[in-house]
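Please read it alongside the sequence and structure shown here.

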2 protein chains.
Amino acid sequence: MPKQQVDTLIIHANVFTMAGSGVGALADGAVAVVGDRIAAVGRTDELLASCEGTEVLDGSKFAVLPGLIDCHVHSPEALLRGVAQDVPDYMERAMAPFSKALTEELKLAGTRLNVLESIKAGTTTMMDYTAPYPGWADFYSSVGVRARLTPTINGLAPGAMARAQGGVYELDDSKGRRMLDTALDFEAQWQETADERITVMMGPQAPDMLSPELLRVVKDEAGRRNLMIHMHVAQGDREIHQMEQRYGIRSVPFLEDLGYLGEQLYAVHLTEATADEVRTLVQHGVSMGVCSGCIGLLDGIVPPAALFRSEGGMVGLGTDSASSNNCISIFNEMKLTALFNKIQSKRPDVVPAWQALRMATIEGARAIGLGDQVGSLEPGKQADLILVDLDQLNLAPVVQSPIRNIVPNLVYSATGHEVDSVMVAGKFLMRGRDVLTADESAIRGDAQAAASEISRRVQADPDHRKLSLLSAMRDGSL
Amino acid sequence: MPKQQVDTLIIHANVFTMAGSGVGALADGAVAVVGDRIAAVGRTDELLASCEGTEVLDGSKFAVLPGLIDCHVHSPEALLRGVAQDVPDYMERAMAPFSKALTEELKLAGTRLNVLESIKAGTTTMMDYTAPYPGWADFYSSVGVRARLTPTINGLAPGAMARAQGGVYELDDSKGRRMLDTALDFEAQWQETADERITVMMGPQAPDMLSPELLRVVKDEAGRRNLMIHMHVAQGDREIHQMEQRYGIRSVPFLEDLGYLGEQLYAVHLTEATADEVRTLVQHGVSMGVCSGCIGLLDGIVPPAALFRSEGGMVGLGTDSASSNNCISIFNEMKLTALFNKIQSKRPDVVPAWQALRMATIEGARAIGLGDQVGSLEPGKQADLILVDLDQLNLAPVVQSPIRNIVPNLVYSATGHEVDSVMVAGKFLMRGRDVLTADESAIRGDAQAAASEISRRVQADPDHRKLSLLSAMRDGSL
């Protein structure tokens, strides 16, 4: 029988397919790629017998995994890394003047930094969530990463949060409708473009930030286009307080009454969701995004991801933003999600390594509606995969029997810096830690220039005097 | 005035001296090194005016910090990375057959791996805690890292833990005395050797693992030699249960009665210490070692480091072991100590970045009795310092005003892989991530060979059938 000609044949690797219910470990495994898809996965001897590779890649020092999925990120905020942590009232006392200074023309420098950082940490699919601006989707198209983009729809009147003083925020439906129109235009332009690497969701910002009427319109427009809805839900006591003041009801029952709960809803954060609310969401088929690093750092809260998953729901991991989390790595999120939930429950067996790795791959893919295309290494799926260098000292030695130590070390020891190569849709975006589809040095330089411009603007804004961290500057602790 | 000739002059760097009560930030800072000591620290223009460097190093892309201090590690266990997590009863159900297989002749391969991993993550002082074996201290001597070595003294009868079945462990004073003799011989041979880089502490393993009589002897011998005591204290409910069964008293009051509490005592873990016990320890001048990563992963517990520090005690950070923590990086410990304590207290302002960095440097140095020599960059102190590459994407961009973002990013985003160069006692151990004083490839290869031998031994040992993780192997989740 003639051998099948394949574009890339990776052999002798520790492959983790994530197919089935576990991690799908294959020692001395091989993966064959044709075009943008996985053609075959199996033992090296099997694939060498059946395939001829145009490129044959010796994977003996690598773990080969599905590319990781960042299920929630605000990419422009990469420019604000490290300016807002360790303080209560983060939004008003740390972020506000920086957010104001991060104007539309600076955002692309942030997105580009964020996307490169993500690729270098092994992320192949990014759920970016922001008000669309010129160049946003174009960069995703050119750099080659898979993107599920959510143009946000926010119906708060400008300045409403600052003015509310503990009362309800003023809503502005006409602004919200303009943002909806922008989102629909964005969808018309970008849905299933760049060889279908780019797809779109609808993004009503939060249940307290749009009127019920506008939320219904968004839902109808999404339904008409068969789009999922990507939404912050129960993202803090601030939101719950708004909902109770305005409607006398918490976020989850409010959304249930509005007909929002269903498989089309991907709900992010859920920091305030009760156990009963989690069960309600799972029963309706809602999926969850958890941003453990961000919520731990900003709020000292552990969202109910372990419960959501154990009730049968799909959970994906998100980095949220470098302004809230300081780092953008799904390796970090795997580890923190596992550790935080162990601490929350005081049990070491809660969220074991394999569950964290599933959230970062196949379960995250399912949570965001891409489970048929990515998240596992199976024939016919998109060839989104990463090679992790097991020769890095923090992943050595490799033990194969009587138990295997690779997955625990990927979750509890790897950081993202160990990722050697990244492939999306059959094309390498990074090899040997060199990004091939963008100029890393130029992107870092542009980000630095944009950040310096933001510094100048914040320094010139009298509001910067309200920054909590100014006292840390004065007393020498920053 | 003639310029002072210095060996190394680092200029244009973001220097954090850690002198005083904060982080001692110097933008466009410089550090001059002569021999094994820091000769001067200041602004670049000042040092260029006063010093002539044999080597002048452009530090403009670096943060320069005191080398990090690992205040508690069992180095041989690096060979067991990733074999024992996510399970209750870690000692008996996960570690036991592996610990048995890690015999004396294999340990050096583990220590060497651990030490290299530490250096590459920016650690310059290591508090290694293990039963001494041939070659242990020699490797520290040759590789050039600073080491505070603690040969352990354990008075448990062999097999006592497995036999106890919930009752008290059988003690064996004669075994304990032999280990004490070994420790004293070790001290006589190694104390203040290798240009005083190597120093020694006494290491009674834990209050429940030696008889009160032997604990008194150890304390007397330590006092006679002016040695500090490095001891696991209140390291789990197992220990407290032993103490209460045997003496009707908890660990901290037991040690108080025995005269152990004082500045000579460095107490590690304290997972079970109550708030009152923490205050008692601090009042006596005891210091604390906290191993956040290990204790979070194994027990889901957050030790009372924030309380200990806020009461005025000195806290150092430890990695514990790759078998319990999977990674060996004080960057990881800074981050987890900050995040876990925020979660414990549900407050984002608990353990801010600067406090974590102080625990990893000057406060850790003071906790282990080296505060006069290392932990800050000040003239006359040992030249132990690291250069962290701020050009790494996860540390970009750098913001200097109106607030500085470097320290928060070092704590919440850096992982250790960003460390470019490491100097101990004025000598570079690593430059551009190349370790100069050891053969990384050979050390990794030897560690892999030793781990494979351990695998064979465990596989041949019928006790391996008790491993909890075998079920995870069978069901495909490892």
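## Basis

This is a predicted model, in which local features need pLDDT of at least 70, side-chain atom pairs count only at pLDDT 80 or more, and totals for chains, interfaces and linings use all residues. Residues are numbered from 1 along each chain as its sequence is written, while chains are lettered from A and ligands numbered from 1 in the order in which they are written.

## Chain B against chain A

Chain B is superposed on chain A by a rotation of 180 degrees with 0.0 Å of shift along its axis, at RMSD 0.0 Å (least squares on the C-alpha atoms of residues with pLDDT of at least 70 in both copies). That is the relation of a two-fold axis.

In the interface, 76 residues of chain B are in contact with 77 residues of chain A (contact: C-beta atoms, placed from the backbone, within 7 Å). Helices of chain B that each supply at least two residues to this side include helix 11 (292-299), helix 14 (330-345) and helix 15 (353-360). Helix 18 of chain B gives the largest share, seven residues. Helices here are DSSP runs of H or I with at least four residues, strands are E runs of at least two, and both are numbered from the N terminus.

By class, the side of chain B that touches chain A has 39 nonpolar, 24 polar and 13 charged residues. Ala, Val, Leu, Ile, Met, Phe, Trp, Tyr, Cys and Pro count as nonpolar, Asp, Glu, Lys and Arg as charged, and the others, Gly among them, as polar. Of the interface residues of chain B, 100% are also interface residues in chain A, so the copies meet through the same surface.

## Domains of chain A

Chain A is assigned domain 1 (4-66 + 376-434) and domain 2 (68-367), with bounds from an automatic or database domain assignment. Their centres, taken over C-alpha atoms, are separated by 30 Å.

Contacts join 26 residues of domain 1 of chain A to 25 residues of domain 2 of chain A. On the domain 1 side, helix 17 of chain A supplies the largest share, five residues. That side divides into 18 nonpolar, four polar and four charged residues.

## Helices 3 and 18 of chain B

Helix 3 (residues 104-120) and helix 18 (residues 440-460) of chain B pack at an angle of about 135 degrees, with axes 9 Å apart. The contact has eight nonpolar, one polar and five charged residues.

Conventions: Axes fitted to C-alpha atoms, helices over the stretch in contact; angles between N-to-C directions. Contact = placed C-beta atoms within 7 Å.
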